[in-house]
Amino acid sequence: MMMSSFKHCLPLILALVTLCACQTTPQAPPPPPDPATQMPALENRIMALVETERMKIDPGAKALTPDAELTRVARARARDMAAKHYLAHAAPNGDTSASLLMAQDAKFQGLLGENLAAQHYTRQSGISVEDFARRFLETWMNSPPHKENLAFADYDRTGVGAAVNGDTVYVALLLATDLGLPPHQDSDGAATITRFENPKAASAVPARPAPPPIRLRGALGVAGGANRAQSAQ
């Protein structure tokens, strides 16, 4: 009878040992997502945070509408900066957001604002969309030229581009308004690009009847370190 009792107990003992062994096996954490797949979500989050901040600064500011043209240009600028590892309003070949915009839409006119920034990351930690979006916004808000550009109340269209290469995320924020100018006509001739120190100075200049101007205001900075700001020359 004693042997019989031991046999009945044995499966239970083995089951407990197996269960303990399973519980103590360490589980490797999943790898972070590929940063390239997170760029669309980062673009959308930056756009939402910018809109919220504009309303805090000036509740009377115009609402920003996502614009397909501006988004294409912003993405092209971000990808070019990522591919060539630079942060500047003009690409090494001389392209700017304004020239790219005019190349795809010769009838565009008004005021174009641009904020650029870059932020480093590590492959081990990956990219937190929320944290990175807030740091980009914080960098711009802590720099007067960036903040002035972002907060200009007459902007009513926007596009955001984000791209990653190596250990850096590059972002381009574009904002635009037509300044109430009439539609551009083919007979008006080629548009010109005039750069201004700030959005208010650009909007205060009377529009010339021909050619209608496209006005550019830009600022750039690096998140996570010493802020750098530079007006477009």
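**Helix α3 and its surroundings in a predicted model**

The buried residues of helix α3 pack against α4 (97-104), β2, β3 and β4.

The protein has 7 helices and 6 strands. Read from the N terminus, the order of elements is α-α-β-α-α-β-α-α-β-β-β-α-β. Of its 233 residues, 43% count as buried. Considering contacts between residues at least 6 apart in sequence, 70% join residues at least 24 apart. The exposed surface comes to about 12,200 Å², and carbon and sulfur atoms supply 59% of that area.

Now to α3 itself. This helix covers residues 68-84, 17 residues in total, and spans 24 Å from its first C-alpha to its last, close to the 24 Å expected at 1.5 Å a residue. At its start, a side-chain oxygen of Asp67 comes to within 3.0 Å of the backbone nitrogen of Glu69. Just after the helix, His85 adopts a positive phi of about 55°.

Which residues of α3 are buried? They are Leu70, Thr71, Val73, Ala74, Arg77, Ala78, Asp80, Met81 and Ala82. I would draw your attention to Arg77, which belongs to this helix. Arg77 counts as buried because its relative accessible area is 2%, and the cut-off for buried is under 20%. Leaving out residues up to four places away in sequence, Arg77 touches Tyr86, Ala88, His89, Ala90, Ala91, Thr96, Ser97, Leu100, Glu114, Leu116 and Ala172.

Helix α4, one of the partners of α3, comes next. Its buried residues are Ser97, Ala98, Leu101 and Met102. These residues cover an arc of only 130° around the axis, and therefore lie on the same side of α4.

I turn to the nonpolar cores. The largest contains 29 residues, of which Leu42, Ile46, Val50, Phe136, Trp140, Val169 and Val171 touch the most other members. Two or more residues each come from α2 (39-57), β2 (110-120), α5 (129-141), β3 (157-165) and β4 (168-177). The element that gives the most to this core is α5, with 7 residues.

My last topic is Asp178. Where is Asp178 found? The residue sits in the loop between β4 and β5 (192-195). Is Asp178 buried or partly exposed? With a relative accessibility of 34%, Asp178 counts as partly exposed. A polar atom of the Asp178 side chain lies 2.9 Å from the backbone nitrogen of Gly180. Not counting residues up to four places away in sequence, Asp178 touches Gln109, Gly110 and Arg157. Phe108 is 70 residues from Asp178 in sequence, yet their C-alpha atoms are 8.1 Å apart in space.

Technical notes: Residues numbered from 1 in each chain as written. Predicted model: local features only at pLDDT ≥ 70, side-chain atom pairs only at ≥ 80, totals over all residues. Heavy atoms only, no water. Helix = DSSP H or I, 4+ residues; strand = E, 2+ residues; numbered from the N terminus. Buried < 20%, exposed > 50% of the residue type's maximum accessible area, 1.4 Å probe, protein only. Contact = heavy atoms within 4.5 Å. Areas by Shrake-Rupley, 256 points an atom, 1.4 Å probe, with all protein chains shown as cover. Core = buried A, V, L, I, M, F, W, Y, C linked by side-chain atoms within 4.5 Å. Polar contact = N/O pair within 3.5 Å; in protein donor to acceptor, adjacent residues only side chain to side chain. Expected span 1.5 Å × (residues − 1). Arc of directions from axis to C-beta.
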